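Colleague: I would like to learn how to read a model of this kind. Could we take a few features one at a time?

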Amino acid sequence: MKVTVVTAFPEFLDSFARTSIVGRAVEKGLIGVTVVDLRDFAQGNYRQIDDYSFGGKGGMTLMPEVLERALRSVRGERTKVLFPTPAGAVLTQDLVEALAREEHLAIFCGHYEGLDERFVEKYVDLEYSIGDYVLTGGEIPAMTLIDALSRLVPGVVGKERSVTGDSFYDGMLDTPHFTRPAVWQGMEVPAELTSGNDAQIEKWRKRAAAGRTLSRRPDLLSRANVMDYLEDEVYLGLSVDPNAPGLAADLAQIALAAKAYGLARVIAAPQNREDFDALRARMSEVPEIKCVPSVSRMTEWAERKEHVPLLTVAAEIPSGLPWMEAKRQMVETSGPVLLLFGAAPRRGHVIAMRPQETPGGELPRTALISATLDRFFGSR
Ligand code: 6GU
């Protein structure tokens with residue numbers, strides 16, 4: 001991966017490209033960073049690169065012909081041209097990951113009021129912002145992007161774990177970190193972390209990450225895959241009509257989807273207890289699905305397996321919560337989860353979830369269940 005930064009303040013980036021982790025990555029040839037002085041492409045005695053903005057209040061704008069000459073000198077076959085500006089699309093980890101797949105990025109740093117819009121229109125592929133505040137120029141946003149890109153290049157950051165375990169992995173915030181001493185100014189490191197028990201440590205970290213995300217950045221939750229942040233297994237429950245056409249084939253598909261999203265088991269119960277034998281007979285070809293006589297037996301079965309009370313998220317309840325709120329409550333609560341379609345148990349801890357609406361009419365159940373699983377356990 002190669003990055004070229006075109007700037008009127010090259011010395012600002014020079015030390016950055018030579019320092020710390022990015023500097024080491026450049027030195028090792030893992031990432032190429034070239035800094036180009038925009039003034040080298042200026043003409044005339046004054047080496048002018050900017051001029052007053054038309055209709056502005058005295059602000060300056062970088063001139064299109066200077067920018068174009070710089071671009072001609074740095075542009076390769078597959079160069080993506082970037083312009084950092086507070087008016088751009090906000091830079092997210094997703095966008096960084098997409099840009100990391102590019103061969104060559106050329107970042108044009110604006111100053112003063114920015115770049116002439118005609119240059120932007122003709123040559124810029126992406127305008128990005130690093131947040132909702134205004135900086136004096138694009139150099140810091142250029143360094144921000146290079147830093148974020150460099151840690152995705154294999155070999156730049158030590159252990160793979162420190163990349164994937166970080167904030168925004170699976171869309172959740174990072175867990176808090178502690179080091180020695182175990183007690184500092186009367187404050188103790190959480191006992192779980194010093195326990196030496198790997199399972200307990202992992203559980204604490206996941207809970208801490210989930211708690212932080214819920215309280216600080218609930219907006220991240222809609223896109224996050226929350227599977228790893230739940231304490232126990234997730235079961236998929238279905239209340240079915242044993243006489244429905246195509247039932248065995250549909251349930252076999254649902255079982256595949258459940259497995260793909262990391263759920264523990266699919267359990268089916270007939271709508272009427274008397275139909276249990278009929279259900280069992282029809283489902284004999286789909287052994288991966290557990291059949292039980294009723295929804296309450298379904299919850300009992302899972303609770304006996306998990307040794308703790310179950311949280312049931314009952315989908316398809318018209319008076320229920322929007323899925324996002326159901327997801328939030330699911331992460332907030334601990335214990336195993338039953339995601340139940342078509343019924344709600346009468347006892348236990350139940351979160352009722354509204355049926356998903358689709359604008360063009362109803363989805364077949366197999367598709368609806370896959371779509372729901374993706375909202376909870378899909379990777380971004
Ligand atoms: Cl990309 N540029 C400037 N000048 N200010 C910003 C920014 C970019 N992102 C946030 N503020």
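**Reading the model**

Modeller: P181 lies in the loop between helix 7 (160–164) and strand 8 (183–184). Keep in mind throughout that this is a predicted model.

Colleague: Is the peptide bond from R180 to P181 cis or trans?

Modeller: The general idea first: most peptide bonds are trans. The bond that leads from R180 into P181 is cis, and its omega is near 5 degrees.

Colleague: Now the backbone angle phi. What is the phi of R47?

Modeller: In general, most residues other than glycine have a negative phi. R47 is not a glycine, yet its phi is positive, near 50 degrees. R47 sits in the loop that runs between strand 2 (32–37) and strand 3 (50–52).

Colleague: Next, helix packing. At what angle do helix 1 and helix 6 pack?

Modeller: An angle under 35 degrees counts as roughly parallel. Helix 1 (residues 10–18) packs on helix 6 (residues 139–150) at about 20 degrees, and the two axes are 10 Å apart. Helix 1 is therefore roughly parallel to helix 6. The crossing of helix 1 with helix 6 is right-handed.

Colleague: Which residues make that contact between helix 1 and helix 6?

Modeller: Helix 1 contributes F12, L13 and F16, while helix 6 contributes E139, I140, M143, I146 and D147. By class, the contact of helix 1 with helix 6 holds 6 nonpolar and 2 charged residues, with no polar ones.

Colleague: How is helix 1 placed against helix 2, parallel or perpendicular?

Modeller: Angles of 65 to 115 degrees count as roughly perpendicular. Helix 1 and helix 2 (residues 20–27) pack at about 75 degrees with their axes 5 Å apart, so these two helices are roughly perpendicular to each other. From helix 1, F16, A17 and R18 meet S20, V22, G23 and V26 of helix 2. The residues of this contact are 4 nonpolar, 2 polar and 1 charged.

Colleague: Last, the ligand. Which residues surround the ligand?

Modeller: The list is P84, T85, P86, Y128, S129, I130, G131, Y133, V134, L135, G137 and P141.

Colleague: What lies 3.3 Å from a nitrogen atom of the ligand, and is it side chain or backbone?

Modeller: To call a pair of N or O atoms a polar contact, look for a distance within 3.5 Å. The atom you ask about is a polar side-chain atom of S129. Y133 places a backbone N or O atom 2.5 Å from a ligand nitrogen. For L135, a backbone N or O atom lies 3.0 Å from a nitrogen atom of the ligand.

Definitions and conventions
Residues are numbered from 1 along each chain as its sequence is written. This is a predicted model: local features need pLDDT of at least 70, side-chain atom pairs count only at pLDDT 80 or more; totals for chains, interfaces and linings use all residues. Side-chain values use heavy atoms; hydrogens and water are left out. Axes are lines fitted to C-alpha atoms, for helices over the stretch in contact, and angles run from 0 to 180 degrees between N-to-C directions. Helices (H or I, at least four residues) and strands (E, at least two) are DSSP runs, numbered from the N terminus. Angles under 35 degrees count as roughly parallel, over 145 as roughly antiparallel, 65 to 115 as roughly perpendicular and the rest as oblique. A crossing is left-handed if the near helix is turned anticlockwise from the far one by less than a right angle, and right-handed if clockwise. Contact means heavy atoms within 4.5 Å. Ala, Val, Leu, Ile, Met, Phe, Trp, Tyr, Cys and Pro count as nonpolar, Asp, Glu, Lys and Arg as charged, and the others, Gly among them, as polar. A residue is near a molecule or strand if one of its heavy atoms lies within 4 Å of it. A polar contact is a pair of N or O atoms within 3.5 Å; within protein, one must be able to donate a hydrogen and the other to accept it, and residues adjacent in sequence count only if both atoms are side-chain atoms.
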